[in-house]
Amino acid sequence: EFYQDLFDSCSALMQLIVNTPQPIIAEVDGVATAAGCQLVASCDLAIASNESRFATPGVNLGLFCSTPMVALSRNISNKAAMEMLLTGEMVDANKAERIGLINRVVNDKNLTISAMELAEVIASKSSMTLKTGKQAFYNQKDMSISDAYDYASKVMVDNMLTLDAKEGINAFLEKRQPKWQD
């Protein structure tokens with residue numbers, strides 16, 4: 001029962017990251033294995049130092065990393081996820097970027113600065129629009145392509161009717177910075 005509670009808590013945390021309206025950025029400077037790798041894969045964006053490494057090493061101990069598998073399989077290609085899960089081998093930051101586990105590799109001295117710059121760019125956008133977009137992104141992923149387009153079209157129409165969309169369009173036409181309403 002202890003282990004079930006532990007894994008249930010970990011799963012709840014990963015779902016909270018996905019369901020939080022604000023984008024979540026992982027900043028990695030070191031080794032992220034098993035649940036740490038799962039955490040990186042669960043975040044919306046990830047920046048890592050060039051010294052960072054990632055693995056799902058449970059297979060080396062006779063344990064398949066089943067819970068990290070959920071996040072990995074939804075964020076990187078099947079073949080890349082299976083390689084990580086079946087070999088347990090470390091993946092360096094450059095390969096992690098190539099397979100889509102992280103967005104950017106930066107020098108370790110610039111890691112926090114780079115993460116904050118990305119956060120500032122995102123924070124300058126309408127928080128209502130970010131919330132709408134993040135929710136729509138995750139909702140449509142498991143739909144058929146037809147259902148996803150139907151859903152996305154409805155989201156787009158609803159979004160176009162908001163004050164922030166009107167403000168954003170007016171600001172663009174008037175060549176000025178928008179003043180978000182939210």
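Author: Start with Asp44 and Lys134. They form a salt bridge, and their closest N and O atoms are 2.7 Å apart. This is a predicted model, so the distance is a computed one.

How buried or exposed are the two partners? Asp44 has 21% relative accessibility, so it counts as partly exposed. The cut-off matters here, because buried means under 20% relative accessible area. Lys134 has 8% relative accessibility and therefore counts as buried. In general, side chains of opposite charge can pair when their charged atoms come close.

How many salt bridges does a search of the whole structure find? The search finds five. Asp158 and Lys154 form one of them, with the closest N and O atoms 2.8 Å apart. Here both partners lie in helix H8 (residues 145-160). They are four residues apart, about one turn of the helix. Asp158 is partly exposed, because its relative accessibility is 39%. Lys154 reaches 52%, so it counts as exposed. The cut-off for that class is over 50%.

Next comes Glu167 with Arg176. Their salt bridge brings the closest N and O atoms to 2.6 Å apart. Glu167 counts as buried, because its relative accessibility is 12%. Arg176 has a relative accessible area of 29% and is therefore partly exposed. The pair also belongs to a network: salt bridges that share partners join Glu167, Glu174 and Arg176.

Now the setting. The chain holds nine helices and six strands. Of its 182 residues, buried ones make up 30%. The C-alpha trace spans about 60 × 40 × 30 Å along its principal axes.

Strand S3 (residues 45-49) runs parallel to S1, and four bridges join them. Within that pairing, Ala26 has Ala46 in S3 as its bridge partner.

There is another open sheet of three strands. Its order is S2-S4-S5, and its pairing is mixed. Strand S2 (31-33) and strand S5 (91-92) stand at the edges; each has a single partner strand, so one side of each is left without a neighbour in the sheet. S5 pairs with strand S4 (residues 53-55) in the antiparallel sense, over two bridges. Phe54 stands opposite Val91 in S5.

The pockets bring back both H2 and H7. The largest pocket has a volume of about 420 Å³. Its lining has 16 residues, and Gln15, Val18, Val70, Ala71 and Arg74 lie nearest its centre. Which elements give two or more residues to this lining? They are helix H1 (2-19), H2, helix H3 (66-75) and H7. The largest share of the lining, five residues, comes from H3. By type, the lining divides into seven nonpolar, six polar and three charged residues.

The second largest pocket holds about 300 Å³ of space. It is lined by 15 residues, and the closest to its centre are Phe7, Ala34, Leu63, Cys65 and Thr67. H1, H2 and H3 are the elements that give two or more residues to its lining. That lining divides into eleven nonpolar, four polar and no charged residues.

Return to the opening pair. H2 and H7 each give two or more residues to the lining of the largest pocket.

How values were computed:
Residues numbered from 1 in each chain as written. Predicted model: local features only at pLDDT ≥ 70, side-chain atom pairs only at ≥ 80, totals over all residues. Heavy atoms only, no water. Pairing = 2+ DSSP bridges. Salt bridge = Lys/Arg side-chain N within 4 Å of Asp/Glu carboxyl O. Buried < 20%, exposed > 50% of the residue type's maximum accessible area, 1.4 Å probe, protein only. 1 Å grid on protein atoms, 1.4 Å probe; cavity = no way out; pocket = protein on both sides within 12 Å on 5 of 7 lines; lining within 4 Å. Points joined across faces, edges and corners; volume = space filled by probe spheres on them. Nonpolar A, V, L, I, M, F, W, Y, C, P; charged D, E, K, R; others polar.
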